[in-house]
Amino acid sequence: MQQWIVEIAFQNRRGVITREESFYLPTRQDVRTAVENMGGYVLNIRQHERTPLERILARSSWWQVQLLRGIQFRSSSTSPGVALWNLIESETSPRRQNILAPAREALSRGLGAIDALKALNIFDHGTLSILSASERANKLYEGIPHAIQSITQKRKNNQAIMGTLAWLGFDVFTIVQSLFWGKGMIIDWFMDNKPTDPAELEKFERVVGNLQLTWDLLIYFAFAMGAFMAWAVFSYIINRGKKDWPTARMVRKIPLIGGYLRDLGFSDSMAAASRMIKGKVSIIDALEESANATTVPEVSQYWTNAVEQLSRGINLGSALDKPPLTRAERLELATLSDLDQVATIMDAIAEMRTQSSRTKHKLIVWLAFVLTGAYLALAFGSAIYALTVMNVSMDSMMGGLMEGAL
């Protein structure tokens, strides 16, 4: 389902009248069929698009929280769908009206509040799963605070990661700049001060050659890592809302980061499943919705397999007692004796995964600092080693460089 902006022509006694309308339908052919049923003719069809500034605003956590709080405030005395409609109608900013246009169109077609929020394509799968679970339990009003808490926590996690990466990136950038611009000066100084003895000359050329090769490898490695990180961030921004894409698959193959994302996926989906079960949603529907609560294919496949197992008549405990759950989590499920315990166990697993993700996040941060320190040590240590081998002091080299610069 997506929104289309259609220019339509109508024939009447006065002649041809054209007007522009929006439709929330799957394909262009569906739009043409709808226009024909209205007695009109399609002149032009285009997908609804947002400007870059609108996309940035729509995907910001601040905007998402404000939207959900507005729905929560208005739904205290009316249904969530009517609350969202009233919120859209009361919006006066043209930019925000354009952002909310898909939801308005979805509501005007008779769809519910959750379908309208999905049409906006601004919330991640975990947040939508929390809201969907609450709606299935007829408690969307109570589920909105949980969704807001999830958005806020993810924002804090992202800010912590981005802050760490920014600081480390700045450190590496300054070192790479020093290597890039200072390499020529230092190598030239070495070449201008070659020893005359043949044996010493051979050792000199070998050491200088190794030093130059080491610095070239360090510089190229840093540029490659910087380009990959920039591409990963850009890819995440433009593909936000999608289930999977090539860059995400590459990132998940990094051992520690892949485990961190998997823990977050299980934490979100287990919490959503628990909330639905507490709201008396059928177990099959709860597991199917949990599969949509994460963008990690491995976690989504876990829930899909559980649904298939239940459909074959296998009991719930055995259907859930599968990898990639850990041994401790599977021991929790082994104690399952009736459905009343399912939500409690899922809450416990969600908490265990949350704690595991926090531990992995700290490890990622410390590992990044260690690798940065190793990079710096290799960069400067290689130069100091070269000076030591050739019996040249740091003072004499710096003095020669300063004289050359002057």
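Tryptophan 245 touches Ser235, Tyr236 and Asn239, leaving aside residues up to four places away in sequence; a contact means heavy atoms within 4.5 Å. The model is predicted, so local features need pLDDT of at least 70 and side-chain atom pairs count only at pLDDT 80 or more, while totals for chains, interfaces and linings use all residues. Residues are numbered from 1 along each chain as its sequence is written, and side-chain values use heavy atoms, with hydrogens and water left out.

**Tryptophan 245**
- Tryptophan 245 sits in the loop between H9 and helix H10 (246-252); helices (H or I, at least four residues) are DSSP runs, numbered from the N terminus.
- Tryptophan 245 counts as buried, at 12% relative accessibility; buried means under 20% relative accessible area, exposed over 50%, and partly exposed in between (1.4 Å probe, protein chains only).
- Between the C-alpha atoms of tryptophan 245 and threonine 295 there are 9.9 Å, with the two residues 50 apart along the chain.

**Aromatic pairs**
- The structure holds four aromatic pairs; rings of Phe, Tyr and Trp (its six-membered ring) pair if their centres lie within 6.5 Å, and planes under 30 degrees apart count as stacked, over 60 as edge-to-face and the rest as tilted.
- Tryptophan 231 and phenylalanine 234 form a tilted pair, because their ring centres are 5.8 Å apart and their planes stand at 40°.
- These two residues, tryptophan 231 and phenylalanine 234, are three residues apart in helix H9 (residues 198-238), so about one helical turn separates them.
- Tryptophan 231 is partly exposed, with a relative accessible area of 44%, and phenylalanine 234 is partly exposed, also at 44%.
- Tyrosine 302 and tryptophan 303 form an edge-to-face pair, 5.2 Å centre to centre with 75° between the planes.
- Both tyrosine 302 and tryptophan 303 are buried, and Phe266, Tyr302 and Trp303 form one aromatic cluster.

**Nonpolar surface patch**
- Met162, Trp231, Val233, Phe234, Tyr236, Ile237 and Ile238 form a nonpolar patch on the surface, with about 670 Å² of accessible area together.
- Patch residues have over 30% relative accessible area and no salt bridge, and nonpolar side chains (Val, Leu, Ile, Met, Phe, Trp, Tyr) are joined within 5 Å; a salt bridge is a side-chain nitrogen of Lys or Arg within 4 Å of a carboxyl oxygen of Asp or Glu.
- Accessible areas come from the Shrake-Rupley method with a 1.4 Å probe.
- H9 supplies the largest share of the patch, six residues.

**Confidence**
- The chain averages a pLDDT of 79, and 89% of the residues score at least 70; pLDDT is the predictor's confidence in each residue, from 0 to 100.
- Among the elements of the chain, helix H13 (residues 297-311) has the highest mean pLDDT (88) and helix H17 (residues 394-405) the lowest (48).

Note on methods: Patches are made of residues with over 30% relative accessible area and no salt bridge: like charges are joined within 9 Å, nonpolar side chains (Val, Leu, Ile, Met, Phe, Trp, Tyr) within 5 Å.
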